[in-house]
Amino acid sequence: MGVVCEDPAAAPLKALHGAEAVTRAVRGALSEARARLAVRSDRAPTVADLLETAGRRLADSRRETLFPVINATGVVIHTNLGRAPLAQEAKDAIGMAADFTNLEMDLDSGRRSSRHEHLDRLIAGVTGAEAGLAVNNCAGAVLLALAALGGGGPVIVSRGELVEIGGGFRVPDVVSQSGSRLVEVGTTNRTHLRDYERAITDHPDARILLRTHPSNFRITGFTSTPPLDSLAHLAHARGLILVEDLGGGALVDLSAHGVPGEPTVQDSLRAGADLVLFSGDKLLGGPQAGLAAGRKATVEALAAHPLARALRLDKLSVAALAATLRLYLPPSDPVRRVPVLRLLAQSTDELEARAESVRAALGDIPGLVTATVATEGYAGGGALPMLALPGRAVSLRSDLLSAEDLALRLRTGGIRVLGRIDHETLLLEMRTVETHQAPALVEAVRAALGAPEVPPPAHPPDTPSPG
């Protein structure tokens, strides 16, 4: 290996990447060559071959891997695309917080403070809770709550709520990792109040009743579960804490906009839950975070637990979450100002108009057949799994490229676009394409098909020329 690294041809790589990095890359190239020679007859690599392979490995290690994309899938809270798009106010707040900030400094007294103070009152204010806390994700919030409140004792959960969601997050595993013991009650489809009563009697050391949102699935048909207010009454009568993992984190009732069926955090608190846990980057529309809202003593127990430091938010997330929560305070209209809510609340007339505008801008490309079609989209991100949102998409069918090839070109072009394929046709869903993104979407399609860009008009439509 020393011969390879000391070869004069290695000098440019060393100058660009450093001698240690080149040595590691050459080791990797040698390992690949040995593995290849062990399974098939092949010529031994030359020094030039090894340096070429090492150079590729070094270049790959430096290339950018995170890119902005236009989401044309119709899934609003798309986990693979980073979930909630942030409001401009949250983006601006991240830019501000990238410099030195008073994250843990009281500027009036000059003394150290807590980063939680930037969020606690905001969480309480928008939810109506006595107190609030935020950690780095909702799974972390559940783990923290069970560890801080469970005392290592039994945690009572309905069998129908022992869910697994994306990334292998399982409720039984989180209960176990918190140091608590899981007590299952009821059956998969039906759990009654008497099942909880019996479990409390059988486990007098239990301290928590845990209710979990079914997230990305529903059991329908012959089902039953006690209402939350009945669980709250039982828990308080028997000296237990009622914790609800609500998941999606809706703070606004969207039923007036055609998106019914998602309980809000405020509903759960009014029903008597002592602590409600929910995500920041789903229906709330902020950065990744796990929020806790509830009774003051309960939230303070979470904040005082050692896990709270391990799960704390960084300054960029604190700033973005605070800016997002302020959009829920009167007189702000969150449905208009929070992108996730705005996308979910769009009417089919709005989607139709956007689709027609995009389709018209693509109409002159040879060999491309376009149409505006009715489709269905979803909230995504474990929220509203059974609710199909009526949508409109621009369908693309090219004489020159298959739908798969066109989709690949769009994913990897200068402007990256993700659509979806249905019956050999590429669909670009308009629910998740904002109006200001439509020109870039058109440009990306034209580039993928090798069509020249259409220059913007010299004067906007309906605007007379000067003079």
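## Exercises on a predicted model

Among what covers the buried residues of H17 are strand S12 (368-380), strand S13 (389-398) and helix H19 (438-448). Keep in mind as you work that the model is predicted.

**Exercise 1. Work out which residues of H17 are buried, and why they line one face of the helix.**

Step 1. Start with the dimensions: H17 has 14 residues and reaches 20 Å from its first C-alpha to its last. That is close to the 20 Å expected at 1.5 Å a residue.

Step 2. Now pick out the buried residues of H17, which are Leu351, Arg354, Ala355 and Val358.

Step 3. Look down the axis of H17: its buried residues fall within an arc of 100 degrees, so they line one face of the helix.

Step 4. Turn to the other side of H17, where Asp349 and Ala360 are exposed.

Step 5. Finish with the cover over the buried residues of H17, which includes S12, S13 and H19.

**Exercise 2. Describe the largest pocket by its volume, its lining and the classes of its residues.**

Step 1. The space in the largest pocket comes to about 880 Å³.

Step 2. Its lining is made of 31 residues, and Val69, Leu81, Ala84, Pro85 and Leu86 lie nearest the centre.

Step 3. Next, find the elements that give two or more residues to this lining: strand S1 (69-71), helix H5 (88-97), helix H16 (339-344) and helix H17 (348-361). So H17 from the previous exercise turns up again here, as one of the elements that contribute to the pocket lining.

Step 4. Sort the lining of the largest pocket by class, and you get 13 nonpolar, ten polar and eight charged residues.

**Exercise 3. Find how many cavities of 30 Å³ or more the structure holds, and say which residues line the largest cavity.**

Step 1. There is one cavity of 30 Å³ or more in the structure.

Step 2. The volume of the largest cavity is about 40 Å³.

Step 3. Its lining consists of Arg115, His116, Leu119, Ala134, Arg312, Leu313 and Val318.

Step 4. Split by class, the lining of the largest cavity holds four nonpolar, one polar and two charged residues.

**Exercise 4. Do the analysis for threonine 425 and arginine 190.**

Step 1. Threonine 425 belongs to strand S16 (residues 425-429), and at 10% relative accessibility threonine 425 counts as buried.

Step 2. Not counting residues up to four places away in sequence, threonine 425 touches Ser395, Leu396, Arg397, Ala403 and Arg420.

Step 3. Arginine 190 lies in the loop between strand S7 (181-185) and helix H9 (193-202). With 23% relative accessibility, arginine 190 counts as partly exposed.

Step 4. Leaving aside neighbours within four places in sequence, the contacts of arginine 190 are Phe222, Thr223 and Ser224. From C-alpha to C-alpha, arginine 190 and threonine 223 are 5.0 Å apart in space, although 33 residues apart in sequence.

Definitions and conventions:
Residues are numbered from 1 along each chain as its sequence is written. This is a predicted model: local features need pLDDT of at least 70, side-chain atom pairs count only at pLDDT 80 or more; totals for chains, interfaces and linings use all residues. Side-chain values use heavy atoms; hydrogens and water are left out. On a 1 Å grid over the protein atoms alone, a cavity is a set of points where a 1.4 Å probe fits but cannot get out, and a pocket is an open set with protein on both sides within 12 Å along at least five of seven lines; lining residues have an atom within 4 Å of a point. Grid points are joined across faces, edges and corners, and a volume is the space filled by probe spheres set on the points. Helices (H or I, at least four residues) and strands (E, at least two) are DSSP runs, numbered from the N terminus. Ala, Val, Leu, Ile, Met, Phe, Trp, Tyr, Cys and Pro count as nonpolar, Asp, Glu, Lys and Arg as charged, and the others, Gly among them, as polar. The expected span of a helix is 1.5 Å times one less than its number of residues. Buried means under 20% relative accessible area, exposed over 50%, partly exposed in between (1.4 Å probe, protein chains only). The arc is that of the directions from the helix axis to the C-beta atoms. Contact means heavy atoms within 4.5 Å.
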